[in-house]
Amino acid sequence: MPKAGGDLTGIPWPQTRLNFERVWSITKGAGVKVAVIDTGLDRTQPQLAHIHTEPGTDVLSGFDPHDTTDCDGHGSGVTGIIAAPQVPGSPFLGVAPEVTIIAIKQTNTTSDTQASAQGVADGIDYARRHGARVVNISSTVNVRVRSIELAISRAATAGVIIVAAAGNDGGGVNGVAYPAAYSQEYPNVIAVAAIDQFDQVAQFSERGPWVNVAAPGVAITFPARQSGYTQKDGTSFAAPYVTATVALILAAHPGITPAQVRDRLEATADPPPASVPDPRYGYGVINPYRAVTSLRTDLVAATPARSRPLAAPLPQRAPDRHLQDIALSAAAALLLVAAFVGIGATLLRSHRAATRLAQKQADDPNGRAGVRALSSSG
């Protein structure tokens, strides 16, 4: 583990687990704007200084709206996971190094992991107005907030995707965390749980039916504020891996809708060990390569969220007429049997009639009984 601000040796495990560099021959996220609603961004950090950015804002009341300087480091770490480019001497890589970051500062500290509700709502609206396609929110509030919900609704109408951390109280109350839990009502919201390097969901990761997918969130290395690297746990750091993967999908498939993006993430995830969806994993651990490259019909016409079709259609084959042939053969056999039965019945009736006639003739050699029988009928 690197000390805060220390040098990094070795490749961080999430880079090996997700293997997102495989996607870079297709896209690195160029042309996609990503908003990070957090503690700001430290542009003095050597690796973060190379990130593509657009002017952001500080939505905190009483602060300079143009100053997004990060005094905590949380927002810088999240942003680094999303977009840090490759630099000489460092093995650390952001998932989508060519995206453009819009830093939105809504708090000065995340020590209590709680967001300013109004700050989150204002941040979502700012991101939408300034062209962000995806928004990362690595903070939570523990109650429904009307202003956040309305901002999410406006984002949905504008085609903006919200990626939200599931929360870190899984070992405690495990309450409902917002805005992540809005995923049950809004298809543009993606709630993210945290796994460790053994693909086990972290004990602190909150669980519930609102969880969509999981990503690395234990022992996560990222650029520290000012210089070097540090390491921490949290769904805060799982969310940006998903945010960056969403940006790669959007760059590769510009016409895709938020619901289709979420469906694609879920359908291509590495499935959980038990049921799907699972309240801990959602639909599983994200797979950036499959999420970007899988051939799916949702690029032609919209499909319902959470549908499960994958990949290319099966090759066309000649119709299987085996059952039809059996049915025809059976019908022919039945007709043949019926014919034999009919012939047999006719022969039997003829035989019985001949027998009765012979018996009558034996009883009345002159044939009078037979005439009597016919005459008596009238």
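**View 1. Pro179 is found in the loop between strand 5 and strand 6.** Strands (E, at least two residues) and helices (H or I, at least four) are DSSP runs, numbered from the N terminus. A cis peptide bond joins Tyr178 to Pro179, with omega about 10°. This is a predicted model, where local features need pLDDT of at least 70, side-chain atom pairs count only at pLDDT 80 or more, and totals for chains, interfaces and linings use all residues. Residues are numbered from 1 along each chain as its sequence is written, and side-chain values use heavy atoms, leaving out hydrogens and water.

**View 2. Here are two further backbone spots to look at.** Val276 and Pro277 are joined by a cis peptide bond with omega about -5°; Pro277 lies in the loop between helix 6 and helix 7 (288-293). Asn19, although not a glycine, has a positive phi of about 50°, and its place is in the loop between helix 1 (13-18) and strand 1. Most residues other than glycine have a negative phi, and most peptide bonds are trans.

**View 3. Seven strands form an open sheet with parallel pairing, in the order 2-3-1-4-5-6-7.** Strands count as paired if DSSP finds at least two bridges between them. At the edges, strand 2 (52-58) and strand 7 (213-216) each pair on one side only. From one strand to the next, the twist averages 25°. Strand 1 (residues 33-38) and strand 3 (residues 100-105) pair in the parallel sense over six bridges, and Val36 stands opposite Ala103 in strand 3.

**View 4. Helix 5 (residues 235-252) meets helix 6 (residues 258-268), their axes coming within 11 Å and crossing at roughly 115°.** Axes are lines fitted to C-alpha atoms, for helices over the stretch in contact, and angles run from 0 to 180 degrees between N-to-C directions. The two helices are therefore roughly perpendicular to each other (65 to 115 degrees). Val242, Thr245, Val246, Ile249 and Leu250 of helix 5 make the contact with Val261, Arg264 and Leu265 of helix 6; contact means heavy atoms within 4.5 Å.

**View 5. Phe92 and Tyr229 form a tilted ring pair.** Rings of Phe, Tyr and Trp (its six-membered ring) pair if their centres lie within 6.5 Å; planes under 30 degrees apart count as stacked, over 60 as edge-to-face and the rest as tilted. By this rule there are five aromatic pairs. In the Phe92 and Tyr229 pair, the centres are 5.9 Å apart and the planes stand at 45°. Phe92 sits in the loop between helix 2 and strand 3, and Tyr229 in strand 9 (residues 229-232), 137 residues apart.

Terms used. Parallel < 35°, antiparallel > 145°, perpendicular 65-115°, else oblique.
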